[in-house]
Amino acid sequence: LKQLQRAATHSAHRASGQGGVMTALRSFGAMPFLLMLLFLCHSAPRTVATPVTDDGSEDILRVETYEWLGGEELQMMTHALPEDVEGGIDNLPSLRRSQSGSAARRAEASDESAALACEDCEAFGHGADACGCGYCGSYGKCSWSCGKDLERAPNANGPKCNPKPVDEPLLQAIWERPAWRDHRLDLKPSEGEHPCFAGFNHMISNTDRCNGWVRQYPDIGSDVVFLNTGVQRYSNFTLKAVVGGHINVWLEENSSPLHEDISIKAANIYTNQYGIEELKPAADSSSWMEHECKVMGSMPFMYTCSNRINILVQECQVENAWVMQDDYLQNFPNPANQNSSSNFDIVFYMCHELLDRTPNPYAAANTFAHELAHVIQGGFGYSFNTMTEGGATWLEGPLLHLAPRPMIYAWGFRDWNRINAAHFYANTKEWNSRKFYQIHAMFLTYLAQPELLGDDFTSALQNYQSFERANVPWGRSAYDYFLQMLETGEKPHEFHPVTMETESSQNAFATALLNYRVAIAAQCIVDPALRPTEVKYLMPEQLRDHPFWDCTSYQTFWSALSSSVEGASAEIHYGGAAVFRLVAPENATVSMATDADPRVRTKVLAAGSKSSGHGAEVRELLPGDSTTFEGGAREIFVVQVNVDPEGELIGPSDRPHLWKRSAYRCTGSCSGKAWWAGAGEGEQYPPNQLSALRSPVMQLPTEADKLELSFDAMWDMEGLYVDGSTVGSGCVAKGYDGVQVRVRVVSEVDGETTELVVVSPESGYGDGGSPNTAALHALRSIYGDDSPCSDFEGWTGKSGDFAWTSQLFDFSRFAGKNISFELLFASDSADGGEGFWVDKIRVHAGGSLIFGDGSDADAMTEHVFLMVPKAGDVGKDDGVPVVTVLPEGYEFDRSLAKIDRTLSAPWSAQWRAPTLAVDPEASLGRAYLGWSYAAPINDTKTALLHPGQEACMRLAAPF
């Protein structure tokens, strides 16, 4: 039974490919049961009926089908089990426990009989392996209790155990990404190597990855030509210093002594060449640089064949600093070689203008930490911007045990509450003054508490990335998987993708967001003894006395001035929050309106009361609920978060039809209505579209003089743009958005597509003004990197000044076959035009009309391709699986189409006026004065103060 369970569970959960299935077959051997059937099926398109309407100007489609891109997936696996194994695979773990005797006998029967199974730690009287690292009783930050600290005994509470996860490689790829990469590339750290380059020596000496080549650098004082990516010019850079053995400081030829002084000092601070205790963020880390790599992973030296970081101090014509993932991944997945450019390395660009404005070496060193965190992240793949920036901002502050980035950094704003209520992924000055850096960094800071995810698993969350374009994570696709640990208390021992919840707001991500906002509100309770005691309602200990938000800016109700508040609410964007403050009410009753939107979750935080002895309490209220906080005067915060389960998804009800019958621009040779792929009249078509206008299946005759498809077409799309970039297998691109015609050959047996062919009109699609430039960038979402150039052809730009053209296609190669043809429209994330029109769609066989205008043309349907990663798919270049399943018909709202949608949940409260003798502060009715935070960055003043000094500022009130 032990063998059966191990093999069956292995095969059932290895849904990422056939390798797991073959392993399972080998494990079964001659066991007396039958592995019956494995179905490897392509995900068949689903059809969704939609109403037909006709407003006199356009008809929307009657039928819309969805297809998920990404190839095959393991759909089902069934087993015939022995008669005494009831309930099937799902019940095997519990059956094993009840039928195979004690935990001791199970351990003896195991292949690794010397190791206790970690799941049995508690059965033997030990603590659970909470860190999932292979030691009974592991807990806390999972360092010394997991044997990572060699100076301390590994876990005095219990013995080493065998986690033996069924899907260990997949789990390691998710939860231990640096170790997984080291394993895949055979990178073995040597004693004494810096954590940022651990494994470099072994890679050079014992693997063929760099073929023995190591990038060489000249002596200090020598010049090398680099590309200045700020002003796009090649310049001479002089090597001024090599700091800590791993940081080259290069100065462009027009640099000043100040630039040299600040950048070298910053490198010394970052590597802590000064040996300053305050620059050691943890007991086992001697510098910011060392700690950064210990937590987040090593630098991507496996792609550069170098163990140096290159700081390029240069003119940029902008106050900024940056790194470029394309620098060190120029030849991905292969590394640099002796012919590689000098920029094909780990390069950090530091601008003169930034150093001139802030000549503070500590600030520059902190910028080093932030940008080099991006380098580490980029070595693991691609992710969404708010996660990578949030991760780097978490690193530059709390992870290095420094203060968080202040909310007034960079761009000013007038209203804290507007920032608080903004969309969680908004990143513009308009929506949230680009405070997404700080908001996400503080969310990761909250999660990194040892009692929640801890540093290591929070780092795994922000490092969950993929080099597979189709698998790049977005938003909850990462959070939903990792935050399940907050509910279970441990990381999983088997790989199971999680299904994203789209109906209920009671999910792990929603709960974590709400608790995070409660924890921020709890910082506003001045007396620590009156704050909550549960860690999930607290920020990390070093921040609890330092509120992240301006506590005085929350909408406040003074208990001495009234005895109630009715229908208080705020318009909250997805992932945003509203916090309301009741000052010192007694016996306050808070109630939710019955019509409050359930997608806005509300928790009420009541501080403790010294006079009554009540401790702090947190209670969640649903629509129609009410609760009373008894006792003396207590500070109360009503915390609300918009956790709409569809808030960051585009579902069937959100998706407007792209293709429609319309009279708009149907002039000249067009009469009545034409098919149009567009938005509204005079508007640009939406971004990130991949949608086909598809014909019904038709049988073409075997013999005919001519088999031809013809139609009239007109287009206005994003313009031709030949910049030398390539797509697919080295295809030179002529533009971005476009339309192409494809033919599907359909099986007579099961109706499945057996062949898919991109066809070209007799006059061609156009070459962008020069030979061999026919590819379209937007088609990368459907065709692979190894696809032929013909797959990327299509019309783009404009067909004159809204001029109709006649198009003709030869279908003779499809004679005698069942086919369906389609016009595939593709757009990228940038601006476009009004779209594409097609009219007079006809298929002729000689003189016979097989398909034509009228009822045939009306039978065309829209087919939407959803760019959704397949759950369980594993990236070929990183081995990382997709961890989240999206329900049918849903895709990620990557373009933030829903950014302006808000929800609200009105609430009311009644209370008794406080006893002023007990709490005189409750009688003080005060309004928020504060300064205006709207000052632009170049008007922001910084004062560096030492003991005994003072600075004066003039504050402008916002009224």
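A: A residue is called buried when its relative accessible area is under 20%, exposed when it is over 50%, and partly exposed in between (1.4 Å probe, protein chains only). Do keep in mind that this is a predicted model: local features need pLDDT of at least 70 and side-chain atom pairs count only at pLDDT 80 or more, while totals for chains, interfaces and linings use all residues. Residues are numbered from 1 along each chain as its sequence is written, and side-chain values use heavy atoms, with hydrogens and water left out.

Let's start with a single residue. Asn228 has a relative accessible area of 0% and is therefore buried. Asn228 sits in strand 8 (residues 223-228); strands (E, at least two residues) and helices (H or I, at least four) are DSSP runs numbered from the N terminus. Leaving out residues up to four places away in sequence, Asn228 is in contact (heavy atoms within 4.5 Å) with Arg233, Ser235, Glu252, Gln314 and Glu315.

Now for the nonpolar cores, meaning sets of buried Ala, Val, Leu, Ile, Met, Phe, Trp, Tyr and Cys residues joined through side-chain atoms within 4.5 Å. The largest one holds 151 residues, and Tyr270, Met299, Phe443 and Tyr479 have the most contacts inside it. Helix 20 (residues 508-522) is its biggest contributor, with 12 residues. Another core, of 37 residues, lies apart from it and includes Trp675, Ala713, Trp715 and Val843.

Beyond its neighbours within four places in sequence, Tyr270 touches Ile247, Ser287, Trp288, Met289, Glu292, Met299, Ala365, Phe368, Ala369 and Leu372.

Helix 9 (residues 288-296) and helix 12 (residues 361-378) pack with their axes 11 Å apart, at an angle of about 25°. Axes here are lines fitted to C-alpha atoms, for helices over the stretch in contact, with angles from 0 to 180 degrees between N-to-C directions. Helix 9 and helix 12 are therefore roughly parallel; angles under 35 degrees count as roughly parallel, over 145 as roughly antiparallel, 65 to 115 as roughly perpendicular and the rest as oblique. Helix 9 brings Trp288, Glu292, Cys293 and Met296 to the contact, and helix 12 brings Tyr362, Ala365, Asn366, Ala369, Leu372, Ala373, Ile376 and Gln377.

A second pair is arranged otherwise. Helix 13 (residues 385-396) and helix 16 (residues 436-447) have axes 7 Å apart and an angle of about 65°, and they are therefore roughly perpendicular. Asn385, Thr386, Glu389, Gly390, Gly391, Thr393 and Trp394 of helix 13 meet Phe436, Tyr437, His440, Ala441, Leu444 and Thr445 of helix 16.

Finally, the backbone. Most residues other than glycine have a negative phi, and most peptide bonds are trans. The bond from Phe332 to Pro333 is cis, with omega near 5°, and Pro333 belongs to the loop between helix 10 (325-328) and strand 13 (347-351). Asp186 is not a glycine, yet has a positive phi of about 55°. Asp186 is in the loop between helix 6 (177-185) and helix 7 (200-206) and is partly exposed, at 31% relative accessible area. Gln317, also not a glycine, has a positive phi of about 65°. Gln317 lies in the loop between strand 11 (309-314) and strand 12 (321-323), and at 61% relative accessibility Gln317 is exposed.
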